[in-house]
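Please keep the structure open beside the text.

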Amino acid sequence: MVKKTMTLGGREFSIETGRMAKQAFGSVVIQYGDTMVLVTATSNFLKETDLDFLPLQCEYREKTYAAGKIPGGFFKREGRPSEKEVLSSRLIDRPIRPLFPEGFFCNTQIIANLISSDKVNPGDVLAITGASAALSISEIPFDGPIAGVRVGRINSEFILNPTIEQLEETELEIVVAGSEDSVVMVEGESKEIPEDVLVGAIKFGQEAIIKLVNFQKEFIAGINLIKYEFVPAEIPDGLKEAVSFKTKDLLPEWRKLAKVLKKTRANSIAKFIKDLSEEFSEEYPDQEKFIAKYVDELIKQDMRDTIVETNTRIDGRELTDIRQITCEVSVLPCAHGSALFTRGETQSLGSVTLGTKLDEQVIDDVDQEEYKKKFMLHYNFPPFSVGEVRPIRGTGRREIGHGNLAERALKTQIPTEEDFPYTIRIVSDILESNGSSSMASVCAGSLSMMDAGIPVKKTVAGIAMGLINEGDQTFILTDILGAEDHYGDMDFKVTGTRDGITAIQMDIKIKGLSTDILHQALEQAKEGRLKIIDIMEETIKKPRPEISSYAPKMITMKVDTELIGEIIGPGGKIIRAIQAETGSKVEISDDGTVFISGLDAESGEKARQLIENIIVQPEEGKVYKDCTVKRLESYGAFVEFLPGKEGLMHISEIAWKRTANINDVLKLGDKIDVKLKKISGPGRFELSMKELLEKPEGYFEERKSDRQRQGNNRSRNSRFPRRNRDR
């Protein structure tokens, strides 16, 4: 066993190998505090493959035993990966994928298991460093090491790997991954921070990454390592030149098609590759994959050369130009809010649904206690959006990742529960895609929330930036096309308001991106973001004053926590009765906040009044109307004068004249008005009907001695039945 330890962010950080999972090609355990992540790397690099891409699988799983928990549900075992696990898997995949050799198309798998959680240090960011270390000590070809850290900011100070508790307070949370000399990935969210603060956070994270990379190098040096020497497939002599000769004259034509439609250009290129493969099939058999790949490389170089030589892009735009944008709201009559955002050939249909407390999403997290989410954004990417045919088999990782980015971008503008008690769900359906549909989702989501009447604070927009690095020249592109993302050196998505950044996602494909270039890209992104906000606010500038008539009507009120039990009643009897009578839903939080949701304002108001009647304190001398007769006895009636509160109305308090039989006057369920005469003790209330009636003229109240004598006679008669007295 080999183990190495260092101090990182004031806590002990260690890597060990040789104790667990020894049959994997590479296996390490990363420990930070008492949080442990087991990361393994395997690959079938000795087997031949017909693939033309790297089938890399990165899996992050949280074992509930890591935190001393048993999974919920019927089966009591971990099921399909949660959204958090999927997002963590993507954090591992994105920085390591570019570090495999060109042409390495072997099945490769990284599995990271959270096996111990101290509920202080999150395990997801540890898995990035763990994946690098596991690959680096394996035979698998890998151009590492790299490392990953999380950066927070509290009270204007950056914090390395903030704890779970600190993450609740931080105004900035980003995950930074990189090598010794470059940042390769950034992802996170913030509360409208300025661009220079974000650059400072990335620099701060990079300093820690350099320490972790050097630490890994020392760890790797202690292992007797023999790397597999990967040799890419040989290309037949003359094939590259032949493909180039046939392709070069068509490049200007494909550039022109980029100004028309993505689909037209793609079809033209696909047909050319098919025809060329058939033409070369005899002279160069079984080379279809290379022909397609090399044509793609020629198109890539042509796009890059055009930018370098003319400062224009393949669709004719200048470097900082944004494609044409159109915005529409209220496009779906029955949705609570909707918007259609179109930018070039990318289009998002955003819709908002407002729900009640019962619609909140319950999150079962290994590191935390169960909690609820009141804001969700779900992103869908159907195949027709890019003119493809493929089966739809559930939500993909890309959809989860893009939806999470858009959700992070917008959540800072969501009002508090006290100001807006609704559960909010946004759905972004991508109807067309040619460049940054996630940023279109941010714009459509912001517009649709305003259309729904949600009192959001500000308009949020998103923009995707690109980079072309040729020699010593660097060109930053605003609002990139799909091709510019594919052939460029950076995909940098930035979202925010007029006042600052709310979310960021960056993937870099080159080494040595300076912070000066990064800062320039952020400033250029800000200019583009502000232009988009200007266009969006021409359509709708602030939230509508009222929510949709189709949305449930919500009322919130606060009650003393000691009164919650009285509202609920024994076994939920009272709260169920309120809901049945009014048709509204009533939910109560532990802090005494009551949420009432009804189909209309009238039903909600009725439920509110019933609850207020429950929590109101009975007052002597007060008149209560429409009280219900709950029980009849010979000596009087028990009447519910407030919900859950009953009092005794003695038979003598029914009327000014004597009542011989109470059943002749009252029936169960009768609605009567009563006066609370006296509170004679806890839960003991004396009621009267007669005091609400006018006293008859000439009425003479019986003397107390007469009433006592009558009572004694009744008592004696009850002890001696009539038949005995007759004797």
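This is a predicted model: local features need pLDDT of at least 70, side-chain atom pairs count only at pLDDT 80 or more; totals for chains, interfaces and linings use all residues.

Angles between N-to-C directions count as roughly antiparallel when they are over 145 degrees. Helix α14 (residues 573-582) and helix α15 (residues 601-615) pack at an angle of about 150°, their axes lying 9 Å apart. The two helices α14 and α15 are therefore roughly antiparallel to each other. Their crossing is right-handed. On the α14 side the contact uses I574, I578, E581 and T582, which meet S603, K606, A607, L610, I611 and I614 of α15. By class, the residues of this contact of α14 with α15 are six nonpolar, two polar and two charged.

**Helix α9 and its helix neighbours**

Helix α9 (residues 397-411) meets helix α10 (residues 437-451) at an angle of about 45°, and the axes are 9 Å apart. This makes α9 and α10 oblique to each other, therefore. The crossing in which α9 passes α10 is right-handed. From α9, the contact takes in R398, H402, L405, A406, A409 and L410, while α10 supplies S437, S438, M439, S441, V442, G445, S446 and M449. Sorted by class, the contact of α9 with α10 holds seven nonpolar, six polar and one charged residue.

Helix α1 is another partner: the axes of α1 and α9 come within 10 Å and cross at roughly 95°. That angle makes α1 roughly perpendicular to α9. Here E83, V86, L87, S89 and R90 of α1 meet R397, R398, I400, G401, H402 and N404 of α9. The contact of α1 with α9 has three nonpolar, four polar and four charged residues.

| Helix pair | Angle between axes | Axis separation |
|---|---|---|
| α14 and α15 | about 150° | 9 Å apart |
| α9 and α10 | about 45° | 9 Å apart |
| α1 and α9 | roughly 95° | within 10 Å |

**The sheet of eight strands**

Which strand order does the open sheet of eight strands have? The order is β8-β7-β9-β10-β21-β20-β18-β19, and the pairing is antiparallel. At the edges are β8 (157-160) and β19 (473-478), each pairing on one side only. On average, neighbouring strands of this sheet are turned by 15° against each other, direction ignored.

Within this sheet, strand β9 (residues 172-178) and strand β10 (residues 183-193) pair in the antiparallel sense over seven bridges. Helix α2 (residues 124-136) lies across β7 (147-154), β9 and β10, and runs at about 150° to β7. Helix α9 packs on the sheet as well, touching β9, β10, β20 (490-496) and β21 (501-508), with its direction at about 150° to that of β21.

**The sheet of six strands**

A further open sheet has six strands in the order β1-β2-β3-β4-β6-β5, with mixed pairing. Its edge strands are β1 (2-8) and β5 (56-62), each of which pairs on one side only. Neighbouring strands of this sheet are turned by 15° against each other on average, direction ignored.

Strand β3 (residues 26-32) pairs with strand β4 (residues 35-43) in the antiparallel sense over seven bridges, and I30 stands opposite V37 in β4. Helix α1 (residues 83-96) lies across β5 and β6 (108-116), running at about 140° to β5. Helix α4 (residues 195-221) also packs on the sheet, where it touches β1, β2 (11-17) and β3, and its direction makes about 160° with that of β1.

**Two backbone details**

Most residues other than glycine have a negative phi, and most peptide bonds are trans. The peptide bond joining G144 and P145 is cis, with omega about 5°. P145 lies in the loop between α2 and β7.

**The whole chain**

Stepping back, the protein chain has 17 helices and 29 strands. How does its radius of gyration compare with that of a compact globule of 727 residues? Such a globule would be near 27 Å, but the protein chain has 36 Å. Along its principal axes, the C-alpha trace spans about 135 × 60 × 50 Å.

Methods
Residues are numbered from 1 along each chain as its sequence is written. Side-chain values use heavy atoms; hydrogens and water are left out. Axes are lines fitted to C-alpha atoms, for helices over the stretch in contact, and angles run from 0 to 180 degrees between N-to-C directions. Helices (H or I, at least four residues) and strands (E, at least two) are DSSP runs, numbered from the N terminus. Angles under 35 degrees count as roughly parallel, over 145 as roughly antiparallel, 65 to 115 as roughly perpendicular and the rest as oblique. A crossing is left-handed if the near helix is turned anticlockwise from the far one by less than a right angle, and right-handed if clockwise. Contact means heavy atoms within 4.5 Å. Ala, Val, Leu, Ile, Met, Phe, Trp, Tyr, Cys and Pro count as nonpolar, Asp, Glu, Lys and Arg as charged, and the others, Gly among them, as polar. Two strands pair if DSSP finds at least two bridges between them. The radius of gyration is taken over C-alpha atoms; the globule rule is 2.2 Å times the number of residues to the power 0.38.
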